[in-house]
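Take a look at the fold below.

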Amino acid sequence: MANFLLQVPTNIRVFALSASSNGSPPGVPQSAAGPVILEIPLDKIRRPLMRTRANDPHKVKDLMDSIKEIGLQVPIDVLEVDGVYYGFSGCHRYEAHQRLGLPTIRCKVRRGTKETLRHHLR
């Protein structure tokens, strides 16, 4: 058995680290911070652009197979305005989750204003 000698300096500095789930520096209000990743129930996400095009059924099927095997790899983008979630990307991923009967989907959530929402709807 070996013996080791541990030498500790006498002038140790003490400091604290903190982190946030959205990568912003501590103390930055959530509204001013970047996106956060959340699991959101599908029925809580409004899809204002859903009627603009049809999803490719082959792509949806491939995504369903992938999600069953390895899970969702890329969250969908969601804009949160006054507590309401609006989905603007990830139409195929969203439909794959629906068809699989999954209750939630991983989302990259950014907060916005009603003006931001109007801009996205143009």
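Which pattern of α and β does the protein chain follow, read along the sequence? The answer is β-β-α-β-β-α-β-α. That makes three helices and five strands. Keep in mind that this is a predicted model.

Start with the sheet. Strands of a sheet pair through backbone hydrogen bonds, either parallel or antiparallel. For E1, look at E5, which spans residues 104–111. The two run antiparallel and are joined by six bridges. Within this pairing, Pro41 stands opposite Thr104 of E5.

Next, the interior. In soluble globular proteins, nonpolar side chains tend to be buried together. Here the largest nonpolar core has 15 residues. Ile45, Ile76, Ile105, Cys107 and Val109 touch the most other members. At least two core residues come from each of E1, H1 (57–70), E3, H2 and E5. A second core is separate and has five residues, among them Leu79, Tyr86, Phe88 and Leu117.

Which residues does Ile76 contact, leaving aside neighbours within four places in sequence? Ile45, Ile105 and Cys107 are among them. The list also includes Arg47, Ser89, Gly90, Arg93, Tyr94, Arg106 and Lys108.

Turn to the loop between E2 and H1, where Asn55 is found. What does the side chain of Asn55 reach at 3.3 Å? It is the backbone oxygen of Cys91. A polar contact of 2.6 Å also links the side chains of Asn55 and Glu95. Beyond residues up to four places away in sequence, Asn55 touches Val60, Cys91, His92 and Glu95.

Finally, step back to the whole chain. Of its 122 residues, 28% count as buried. Take the contacts between residues at least 6 apart in sequence: 79% of them join residues at least 24 apart. The chain exposes about 9200 Å², and carbon and sulfur atoms supply 55% of that area.

How values were computed
Residues are numbered from 1 along each chain as its sequence is written. This is a predicted model: local features need pLDDT of at least 70, side-chain atom pairs count only at pLDDT 80 or more; totals for chains, interfaces and linings use all residues. Side-chain values use heavy atoms; hydrogens and water are left out. Two strands pair if DSSP finds at least two bridges between them. Helices (H or I, at least four residues) and strands (E, at least two) are DSSP runs, numbered from the N terminus. A nonpolar core is a set of buried Ala, Val, Leu, Ile, Met, Phe, Trp, Tyr and Cys residues joined through side-chain atoms within 4.5 Å. Buried means under 20% relative accessible area, exposed over 50%, partly exposed in between (1.4 Å probe, protein chains only). Contact means heavy atoms within 4.5 Å. A polar contact is a pair of N or O atoms within 3.5 Å; within protein, one must be able to donate a hydrogen and the other to accept it, and residues adjacent in sequence count only if both atoms are side-chain atoms. Accessible areas come from the Shrake-Rupley method with a 1.4 Å probe; for residues, only the protein chains shown count as cover.
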